[in-house]
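Reader: I am new to protein models, and I would like to learn how to read one step by step. Could you take me through some features, giving the general idea before each case?

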Amino acid sequence: MSALSVTLQSGARAVAIVAMVLPLAAAAAVLVRERRSLWWPLVLAVVFVMPSLVVAYSWGTVSWSPVHSPLGREILYLILRVAQLLPVAVVGLLLVPVTAADRQAWFQLRRLAPHAGLRLQLRCWWAAYARSGMVAAGLVFMLAFAEFEIASLFVIDAWAVWCFDALATGVPVGSVLASAWPGMALQLLVVIAVVVALRRPRGGELGYVSSAAWLHWCGRLAITVAALAVVVVPAWVVLQGAFGSWQVQAVGSEIMTSMLLAAGVSACVVPVVAVVMHLPSRWRRSVTLAMLIPGLLGSLGIGVLVLQGTQWPLLRPFASGYAPVLIALCLVVAPLAAVAALGLLRMDAVALFQHQRQAWGQWQRGLRLFAPAYAAVAAVVFVIAYLDLPSAALLAPLDQPPVTARLYNLMHYGRTAALSSMVAFALLPPLACGLLGAGVWAAWWRRA
Amino acid sequence: MSPSKVIVLLAIPVVIIAIVLIAGWRSAADGGQRVVLYCAHDAVYAEDIIARFEKATGIDVAVRFDSEATKSLGLIRRLEQEAAAPACDVFWNNELLGTQDLARQGLLAPYQGSGWQRMSDAFKEPTGLWTGFGARMRVFIVNTEAVPADADVAALFAQQPQRSAIAKPLYGTTLTHFTLLWRDRGPAGVQAWYRDLLDRGLRVVDGNGRSKQLVADGALDLGWTDTDDAFLALDAKAPVRMEPVRLDDGATIAIPNTVAIITGAPHRAAAEQLVDFLLSQQVEVALANGPSRQVPLGPVDPSELPEELRPLQAWAAEGTPLDGLIDHRAACIEWLQSEYLD
C-alpha cells in the first residue's frame with residue numbers, strides 16, 4: 001500500500017470517526033454545559049487518561065473469532081476510537097463559546113430573511129454552529145489520523161503504522177519523511193483550520209438556550225457507552241485477578257521515571273505556552289503554528305529524529321541522559337498544549353473577563369483568572385507525556401525505561417495477576433492528575 | 001505581560017533542560033567499572049542473567065532493552081546511528097539476521113573468548129564477530145480442542161488459512177522464517193504462496209505473542225509462533241500443543257540468541273567478560289530452565305535440563321543452516337516493503 005493510498009485511507013477513516021463522534025459529542029457537550037455537574041467531566045477525564053495500549057491489549061484478547069477478521073478489526077477499531085475521542089470532541093465543542101446572540105442571529109435570519117445573501121447566511125451559520133464544530137472535528141481528526149498503538153496492535157492500514165513499518169524495515173528517515181508528506185500536509189491543513197476557528201469571537205452577550213431533555217439523555221448514553229468501552233471493560237479485563245498479587249515494586253522505579261519525565265515536560269511546556277498565549281495576536285498565531293508543526297510527525301517520528309540529532313558530535317555527550325527524551329516529549333505534547341491553551345483562554349468564562357483589560361496587566365489578578373486554565377493544560381500535558389510510548393521507549397536513558405514501555409513488553413506474555421497489579425499502579429498518577437485537572441477546570445468554569 | 005514575567009516564565013524550561021543536559025553529560029563522563037549492554041532479548045528473561053553477572057563480577061551493567069513497541073528499530077537502528085561514537089559495548093540480540101547485518105556493516109568487533117570456543121561451528125561466526133547461544137524454535141501452536149492429535153498441521157495450515165495466524169512478516173523471527181522460505185522457494189514461489197494465503201483469509205497479526213494468544217483462547221485453530229511463546233501458553237494450562245515448522249526439505253528452524261562486541265566499545269575488557277559469561281554453560285542452563293525454555297547450543301549436562309526440552313533438542317538438531325542469508329533477507333525485505341509500503 002503506497003504512502004498516498006494509506007494517507008487517503010487513514011484520512012477517510014478519520015473523517016468517519018469525526019462523523020460518528022460529533023453528534024454524540026454534541027449531546028454530551030450539551031449535558032456537560034447545562035447540567036454543570038462535576039460527575040460527567042470527571043467520567044470524560046477518566047476516558048481520556050485510559051492509555052491506548054491498555055485499551056488495545058484488553059480488546060485484543062477477545063477470543064470471538066469474527067473480531068479478528070479484517071472487517072471485524074476495522075469495526076472494533078472505529079468503535080474504540082470513537083469512544084476514546086469523545087472527551088476530546090466534547091472539549092473541542094466547549095472550547096469555542098457560542099453566544100446567545102449568535103444563535104438568535106441565525107434563528108432570526110432563517111425566520112425573517114430566508115433568502116438572504118449566501119455570505120450573510122454563511123457568516124451566521126459559522127458563528128452559531130460551524131465554528132465550534134470545526135474545532136472539535138479538527139482535534140478529533142488529528143488524533144484519529146495519527147493514532148499508532150491500537151492500529152498497530154489490530155494490524156490496521158494506517159498512516160502512522162505505515163511510517164513505523166518503513167522505519168522498522170530500514171528505509172532512511174529522509175525517504176520516509178519524503179513519502180509521508182501527504183499525511184503531514186493534511187494534518188497541517190487541519191491544524192490551520194483549527195487555529196483559524198479558535199480566533200477570538202467578536203464578543204456579544206454570552207449565554208445558552210436550554211436544550212431538550214432528550215439531548216441530555218443522549219449525552220448521558222454517549223458518555224456511559226464510551227466509559228464502558230474504554231474504561232470499564234479494559235479495567236475489568238486487565239485487573240481481574242490482580243487483587244492479592246500487588247507487585248508495585250516491580251515497576252516502582254519505572255513509574256517514578258515516567259512521573260519525573262512528565263512533570264519535567266509540563267514544567268517546560270506550560271510556561272512557554274503561557275508566554276505565547278499573551279503575545280500580540282499576529283505573533284501568537286504564527287508562534288502557535290510553529291509549535292504545532294513538529295508534532296505532525298507523531299511521537300515515533302519525533303523520537304527517531306531526536307535520536308539522529310543526538311549523534312551530532314556537539315550533542316553526543318548529552319545523549320545518555322534525560323535531555324533527548326525530555327525534548328522529544330515536549331515536541332510531542334506541544335500541539336495539544338497549544339490548542340488546549342488557545343481554547344481554554346477563549347472560553348466563555350475568560351471571555352467575560354477579557355473586557356476588563358486591566359486584568360492583563362495585573363499579575364495577581366491575571367494569575368487568579370488564568371491559573372486554573374494553565375493547571376488544566378499542565379494536567380493534559382502530564383497525562384500525554386506520562387502515557388507516551390514510542391518516543392519514550394526509544395530515547396529513555398540507560399537502565400531507566402518508562403513505565404509504558406515496561407508494561408507494553410510485559411503485555412506480550414499475556415495476562416497475569418502481577419501484570420494487572422502493575423498496570424493498576426501505573427495508571428494511578430495519570431488518573432489522579434487527569435481528575436485533578438478536570439476537577440480544577442470544571443470547578444472554575446462552574447463558578448465563573 | 002511584562003518583560004520580566006516573560007523572562008521568569010521562559011527561564012523555567014531553560015533551567016530544567018540545562019540541568020538534564022549537565023546530568024547526562026556527567027553520567028556519560030562517569031568512568032567506573034561498568035559495561036553497557038543493548039539487549040533485544042525480553043527483559044523478563046534477561047534481567048536475572050544480568051543480575052547474576054553483576055553479582056559474580058562486581059561490574060555494573062547498564063542495560064537498554066528493546067521494546068515491543070519499537071521492534072528492532074530501537075536497538076539496531078540505534079547501533080547504526082551510534083557507529084561514529086559507540087555508547088554500547090555488547091549487543092545481545094534475540095535473533096541472528098539483524099546481527100549478521102550489523103557485522104556486514106563493520107559495526108561488530110571480533111572476539112574469540114572462552115564462550116566462542118565452547119560453541120559449535122554452526123552457531124558462530126568464524127572470526128568471532130558474533131556467537132550464538134540459547135535457541136528458540138519456530139513452531140505451530142495448535143489448539144487441541146479444535147485440531148485432532150493426529151492431524152497433519154502443516155496441511156491444515158495450507159488448507160484453512162482463515163483459521164490460522166502469523167505475525168506480520170516485516171520484522172522479528174517471522175522475517176527470518178520468510179527469509180528461509182525465500183531462499184528455498186525463490187521469490188516467485190514465496191510471493192505466490194503468501195498471496196494465495198492472504199486471499200484465502202490468513203490472519204496476519206501484530207506479533208508472535210498475539211498469534212499464540214488467539215490460538216490459546218480458541219479464536220483460531222493454529223498459528224506460527226516461537227517456542228518461548230508456546231511455552232507461556234502451556235504453562236498457563238491453555239489447551240494447546242506445539243509442533244515444529246518444517247521447511248520443504250524437512251529441516252526445522254532454530255533461531256539462536258546472538259551476542260557480539262561493538263566496534264570501538266568504550267569498556268572492552270568488561271565487555272569481553274560479559275560475552276564470556278553469556279556464552280557459558282551456566283547461562284545456557286538458566287535459559288533452558290527459565291520460562292522461555294531456550295535450547296542450549298553448547299555442551300551442557302543433560303541432567304540439568306528440564307524434561308520438556310528433550311524434544312526441542314531433537315528438533316534443533318535438525319535445524320537448517322542460517323549462514324549466507326543476508327542477501328536473501330535484503331531481497332525479502334525489499335519485497336515485503338513493496339507489499340506493505342508501496
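Predicted model: local features only at pLDDT ≥ 70, side-chain atom pairs only at ≥ 80, totals over all residues.

Reader: Where in chain B does B:Asp249 lie?

Author: Helices (H or I, at least four residues) and strands (E, at least two) are DSSP runs, numbered from the N terminus. B:Asp249 sits in the loop between strand E9 (240–244) and strand E10 (254–262) of chain B. From B:Asp249 to B:Thr320 there are 71 residues in sequence, yet their C-alpha atoms are 9.1 Å apart in space.

Reader: How should I read a salt bridge, and what is the N to O distance for A:Arg13 and A:Glu74?

Author: Side chains of opposite charge can pair when their charged atoms come close. The cut-off used here is a side-chain nitrogen of Lys or Arg within 4 Å of a carboxyl oxygen of Asp or Glu. The side chains of A:Arg13 and A:Glu74 form such a bridge, at 2.5 Å from N to O. This pair links distant parts of the chain, since A:Arg13 is in helix H1 and A:Glu74 is in helix H4 of chain A, 61 residues apart. A:Arg13 counts as buried because its relative accessible area is 8%, whereas A:Glu74, at 23%, is partly exposed.

Reader: How many salt bridges are there over all chains?

Author: A search of the whole structure finds 27. One of them joins B:Asp235 to B:Arg293, whose closest N and O atoms are 2.9 Å apart. B:Asp235 belongs to helix H9 (residues 227–235) of chain B, and B:Arg293, 58 residues away, to the loop between H11 and helix H12 (310–317). B:Asp235 is partly exposed at 40% relative accessibility, while B:Arg293 is buried at 10%. Salt bridges can also form a network, as they do in linking B:Asp101, B:Arg104, B:Asp327 and B:Arg329.

Reader: At roughly what angle do the axes of helix H1 and helix H10 of chain A cross?

Author: Two packed helices are described by the angle between their axes and the distance between the axes. Axes are lines fitted to C-alpha atoms, for helices over the stretch in contact, and angles run from 0 to 180 degrees between N-to-C directions. Helix H1 (residues 3–35) and helix H10 (residues 181–197) of chain A cross at roughly 35 degrees, with axes that come within 8 Å. In contact terms (heavy atoms within 4.5 Å), A:Leu4, A:Thr7 and A:Gly11 of H1(A) meet A:Pro182, A:Gly183 and A:Leu186 of H10(A).

Reader: Which elements of chain B do the buried residues of H11(B) pack against?

Author: Helix H11 (residues 281–289) of chain B has B:Val283, B:Glu284, B:Val285, B:Ala286, B:Leu287 and B:Ala288 buried. These buried residues pack against helix H2 (43–57), helix H5 (114–118), strand E5 (131–143) and helix H10 (268–278) of chain B.

Terms used
Residues numbered from 1 in each chain as written. Chains lettered and ligands numbered in written order. Heavy atoms only, no water. Buried < 20%, exposed > 50% of the residue type's maximum accessible area, 1.4 Å probe, protein only.
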